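Let us walk through a protein model together, one piece at a time. Keep the sequence and the 3D view open while you read.

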Amino acid sequence: MTGSDATQTRHCRRPAMQPLGVDGVSVSFGSDLTEAANRAALAFRASVEGADLPGVAEVATALTSVYLRLDLSCTDHATARAALKGLLASRNWYDAALPQGRRLWRVPALFGTDLAPQLHEAAALAGLSPADAATAICAAPLRVQTIGFAPGQPYLGQLPSQWDIPRQTGLTARVPVGALAVAIRQMVLFSVSTPTGWRHVGQTALRLFQPEKDDPFLLRPGDEVLFQSVTRAEYENIRATDPAGGAVAERLG
Amino acid sequence: MAELLVRRAGPGVTVQDPGRPGYLALGLSRGGAMDRLALVEGAALLGQDCGFAVIEIAGSFLSIEAAAPMRIALTGAPMRAHCDGAALVWQASHALPSGARLELSGSRGGYSYLHFGGGIDVPAILGARSAHLAAGIGRMLDAGDRLGLGTDKGGAAGMSLTPQERFAGGVLRMVETPQTQLFPADMCQRFTETTFCKDARGNRMGQRLGFDGEGFALPSGLSLLSEAIVPGDIQITGDGAPFVLLAECQTTGGYPRIGTVLPCDLPRLVQAPAEAALRFQFVTLEAAVAAERAEAARRADLARTLRPLIRDPHDMADLLAYQLISGVTRGDDPERSAS
């Protein structure tokens with residue numbers, strides 16, 4: 001079986017379209033997180049937005065699915081589903097290119113120390129030394145697979161398979177804004193201070209959501225983030241002097 | 001600009017409006033008033049748009065001073081309301097003279113709303129004036145805060161309406177979710193036969209429900225990929241207890257959801273007192289859409305149901321003050337001092 005056949009098989013009953021709530025539709029491209037399903041969701045969302053379908057009030061992506069909120073005062077489920085079905089059939093979404101306008105962000109991060117106290121624990125679960133774990137996380141850019149849960153909060157992936165480590169059974173009572181945490185081959189950068197089951201391995205000075213700014217959201221789905229390991233002194237300096245948290249962006253493609 | 005001064009504010013007093021739709025893709029839920037119907041009722045009482053910002057009081061208390069003559073309306077969960085010592089009727093609009101002190105107290109839970117002619121004019125962030133506490137937008141009001149009001153285009157005060165009954169629990173209709181079929185059929189049935197009540201763990205993000213008997217957890221080991229979640233979704237968390245997502249919920253979640261409460265039935269959940277019995281009932285998507293449309297039509301027509309307040313002098317502790325706030329002439333009549 002070729003790789004492409006395997007993808008076809010895995011997605012044989014996909015994409016699946018189902019109502020979500022009274023006024024919503026969910027289009028799922030896979031029940032597991034795969035690169036193809038994530039790309040499909042990102043591309044389909046861009047296409048729905050471009051198509052300007054009547055009665056679609058809002059479109060958002062999760063990791064492998066697209067949510068559409070309908071305005072039931074000017075459409076109904078049957079009409080919306082028919083239009084979406086046509087759009088879904090128009091191409092193979094699993095081999096779609098990534099959306100235009102993406103950016104690569106270089107982001108300084110402090111790994112370990114008392115500011116990111118679970119690096120040792122997470123590294124051990126991945127079978128790495130803490131130093132090698134930090135190096136591995138910084139080795140390649142991670143894609144913003146989706147933004148969700150909290151405002152501006154990215155889910156980043158995908159890390160190599162050794163990082164398929166579970167969430168902790170208990171919750172960390174509170175991680176600070178800018179915390180970098182890991183589980184199940186993904187990383188989350190926290191935009192608000194919150195309890196979490198993910199392990200806190202790094203700390204950045206990023207503020208991902210600044211409601212008072214003209215553009216309050218730093219990242220977009222599809223952007224890539226390359227972490228750069230910095231010392232405690234460098235981190236403290238960035239935090240004290242740079243409101244952007246040391247992040248530098250360049251356009252991709 | 002007309003202004004009000006916050007003299008005392010209990011916890012959970014915030015500026016709210018219909019929220020900020022359109023930012024789900026960036027992780028920001030709509031937020032806004034917990035009881036969206038109360039916004040519509042207040043707007044009808046004041047003869048204005050239901051997009052204006054109001055004060056939401058979450059089971060707490062509030063005392064304000066009017067720094068100018070203003071029209072107000074009181075909706076949502078009833079409280080004791082006094083203006084300079086005289087009792088005010090809830091579910092009604094009133095005129096306050098300049099310098100009047102309004103005291104709202106005695107909440108028995110739920111969400112109460114104080115509306116102003118012209119609305120509260122705090123700066124809009126991402127297109128709305130509502131505080132979204134979970135997202136760090138805005139904050140709870142505090143003693144000493146001054147809030148400006150927009151221009152009141154004027155209209156009657158002393159009008160009342162009969163609110164849609166929603167202060168005693170009851171049956172909440174829900175539709176299936178993409179995960180409902182993961183729950184065994186007998187568990188879904190047991191869910192609809194169980195009597196729930198709100199437990200102490202509730203806020204603007206969601207409300208946990210208490211119940212007697214076995215929980216509703218799915219077999220362990222099932223892991224679901226996070227996907228979009230919406231207010232009204234009934235998540236079943238690890239301990240088997242239902243958690244109903246509300247205005248400030250997260251935008252994505254990985255817990256299985258047994259059903260989604262109809263938006264038009266959510267006011268009955270958020271306004272249920274702690275001891276009130278709540279039940280759930282599955283309806284088809286078609287029935288749910290029809291119910292939403294019928295409720296939208298009913299709300300659009302609310303202004304036609306207004307009645308002038310009927311006053312019984314025997315019920316009034318201070319007749320003069322009562323007349324003052326209803327807009328009848330006195331030396332410092334609000335209409336006259338405004339002109």
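Three bridges join strand β17 (residues 233–236) of chain B to strand β20 (residues 257–261) of chain B, and the two strands run antiparallel. One of the places to look is Ile234(B), whose bridge partner in β20(B) is Gly259(B). Here helices (H or I, at least four residues) and strands (E, at least two) are DSSP runs, numbered from the N terminus. Two strands pair if DSSP finds at least two bridges between them.

Before going on, a word on the ground rules. This is a predicted model, in which local features need pLDDT of at least 70 and side-chain atom pairs count only at pLDDT 80 or more, while totals for chains, interfaces and linings use all residues. Residues are numbered from 1 along each chain as its sequence is written, chains are lettered from A and ligands numbered from 1 in the order in which they are written, and side-chain values use heavy atoms, with hydrogens and water left out.

**The sheet of chain B.** Strands β17 and β20 belong to an open sheet of seven strands in chain B, in the order β14-β15-β18-β17-β20-β13-β21, with mixed pairing. At its edges are β14 (197–202) and β21 (278–282) of chain B, each pairing on one side only. From one strand to the next, the twist averages 40 degrees. Helix α2 (residues 185–193) of chain B packs on this sheet, touching β13 (170–175), β17, β18 (242–245), β20 and β21 of chain B. The direction of that helix makes about 135 degrees with that of β21(B). Axes are lines fitted to C-alpha atoms, for helices over the stretch in contact, and angles run from 0 to 180 degrees between N-to-C directions; contact means heavy atoms within 4.5 Å.

**A sheet in chain A.** Now turn to chain A, where four strands form an open, antiparallel sheet in the order β1-β2-β4-β3. Since β1 and β3 of chain A stand at the edges with a single partner strand each, one side of each is left without a neighbour in the sheet. Neighbouring strands of this sheet are turned by 20 degrees against each other on average, direction ignored. Four bridges pair β1(A) with strand β2 (residues 24–28) of chain A in the antiparallel sense, and Ala16(A) stands opposite Ser28(A) in β2(A).

Helix α2(A) lies across β2, β3 and β4 of chain A, at about 160 degrees to β3(A). Within this helix (residues 35–51), Arg39(A) and Glu35(A) are four residues apart, about one turn. Their side chains meet in a salt bridge at 2.6 Å, N to O. A salt bridge is a side-chain nitrogen of Lys or Arg within 4 Å of a carboxyl oxygen of Asp or Glu.

**Where the chains meet.** How many residues does each chain bring to the contact? Chain A gives 39 residues and chain B gives 33 residues. The area buried between them (accessible area, 1.4 Å probe, lost on being put together and summed over both) is about 2800 Å², and carbon and sulfur atoms give 68% of that area. In chain A, Leu20(A), Val22(A) and Phe149(A) lose the most area to chain B, together 22% of what that side buries. Across this interface the rule finds zero salt bridges.

Note on methods:
Buried area is the accessible area (1.4 Å probe) that two parts lose on being put together, summed over both.
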